[in-house]
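Have the viewer open while you read.

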Amino acid sequence: MSNPTTPPTDKLDWQNIGFQYRDINGYAKYTWTPENGWDEGSLETNPYLNVHMCSTGLNYGQECFEGLKAFRTKDGRIRVFRPHENGKRMNLTAAFGSMPGIPEEIFLEAIKKTVQANLEYVPPYGSGGSLYLRPLLFGSGPMIGLSPAPEFTFIVFGVPVGNYYKDGVKPVDACIIEDFDRSAPLGTGSFKLGGNYAPVFLPTEKAKKQGFPITLHLDSKTHTYVDEFSTSNFVALSNKDGVTTLVTPNGRTILRSVTRISLVEIARDLGWTVEERDVPFSEIEEGKFDEIAACGTAAVITPVKRISRGEKSYNIGSGEQTEIGAGFEALYKQYKAIQNGDIADTKGWMWPAEGF
Ligand code: COI
């Protein structure tokens, strides 16, 4: 059923919005205390927060975040992609980081409040953009000892976005980060803690200056298995004897990317073989994969045409492609068609089905 909503604002150049912060109309904010649990929340407009200088979020990095997107359909519905999955993942991270969980109804209410307050910032249908939603949870109350905060803040803010990497779905050059380990074998890699991300700023900046817009990590213990990209998960395709196989690591250190689990499901629907397993880097050296891509909410699918490790460089396919390969294109088309409402959402991934 069509539900006419507020049209996109004409104040933004929707074809060139990139991936950058912009102030919009408001965001949802909730506060938790041990005495009262989560409060009823409010819609705020001031992007500057009143947070105690001794908060555990600021002092000890007791913080986690999520990323998900709202899309506009051709008939004007605005729907969010798989928010229940992000809510579940945030609670797994919260438990690991000694933070209070967010009940599903509060998580969804926060998403709803933020989207509804910013309908004009959901990019036009077909523009390739979305309203990127960023749930944040952190210790906001003072605690100088190494213990959880006496107060937590949960926020969902939104940012209208286009492509994360400026070339969109054009194949890019990747390099392996050799001098920094993203995730310890029994560490925090599979959780969306902010502290997993700041340490990659330095190596990724260095890589960018050397001509690599995207960076890949190997397992910390042996540097022989693929871990994930700094921004997103690793997925690879091979075609042999008419069988397409999607291979993706899914181990103890890998973030449970909602994009990855969705692509896996679409690949299975297409009748492809899926291997969720450890991926030795030697398989890339040996040219076992016809296509490789990074996948995540922000980056969506970013094809990789070459991977450099030190002085050596390994072509994926010809290594000279200028367009996404046929395999990932098929997955990408199906994935975008579900998000944009161009095909029926038989999986119930878009929420709410009728739109905001
Ligand atoms: C996302 O894809 O939503 C992320 O969290 C990636 C982020 C590091 C930009």
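A disulfide here is a pair of cysteine sulfur atoms within 2.5 Å. By that rule, the structure holds zero disulfides. Take cysteine 54: its closest cysteine sulfur belongs to cysteine 64 and sits 20 Å off, so the two are too far apart for a bond. Cysteine 175 is in no disulfide either, the nearest cysteine sulfur being that of cysteine 295, 19 Å away.

Before going on, some bookkeeping. This is a predicted model, where local features need pLDDT of at least 70 and side-chain atom pairs count only at pLDDT 80 or more, while totals for chains, interfaces and linings use all residues. Numbering runs from 1 along each chain as its sequence is written, and side-chain values use heavy atoms, with hydrogens and water left out.

**Burial**

Buried means under 20% relative accessible area, exposed means over 50%, and partly exposed is in between (1.4 Å probe, protein chains only). These residues count as buried:

| Residue | Relative accessibility |
|---|---|
| Cysteine 54 | 17% |
| Cysteine 175 | 8% |
| Valine 300 | 13% |
| Lysine 192 | 9% |

Most residues other than glycine have a negative phi, and most peptide bonds are trans. Against that background, a few spots are worth a look. To place them, helices (H or I, at least four residues) and strands (E, at least two) are DSSP runs, numbered from the N terminus.

The peptide bond from tryptophan 351 to proline 352 is cis, its omega being near -10°. You'll find proline 352 in the segment after strand E18 (350-351).

Histidine 223 has a positive phi, near 50°, without being a glycine.

**The lysine with a record**

Which residue does UniProt list for "modified residue: N6-(pyridoxal phosphate)lysine"? The record, an unreviewed entry, gives Lys192. UniProt positions follow the numbering used here, feature names are shortened, and annotations may be inferred rather than shown by experiment.

Lysine 192 sits in the loop between strand E9 (172-176) and helix H4 (201-209). At 9% relative accessibility, lysine 192 counts as buried. What surrounds it? Contact means heavy atoms within 4.5 Å. Setting aside neighbours within four places in sequence, lysine 192 is in contact with Cys64, Phe65, Glu66, Gly67, Arg89, Thr93, Tyr197 and Leu255.
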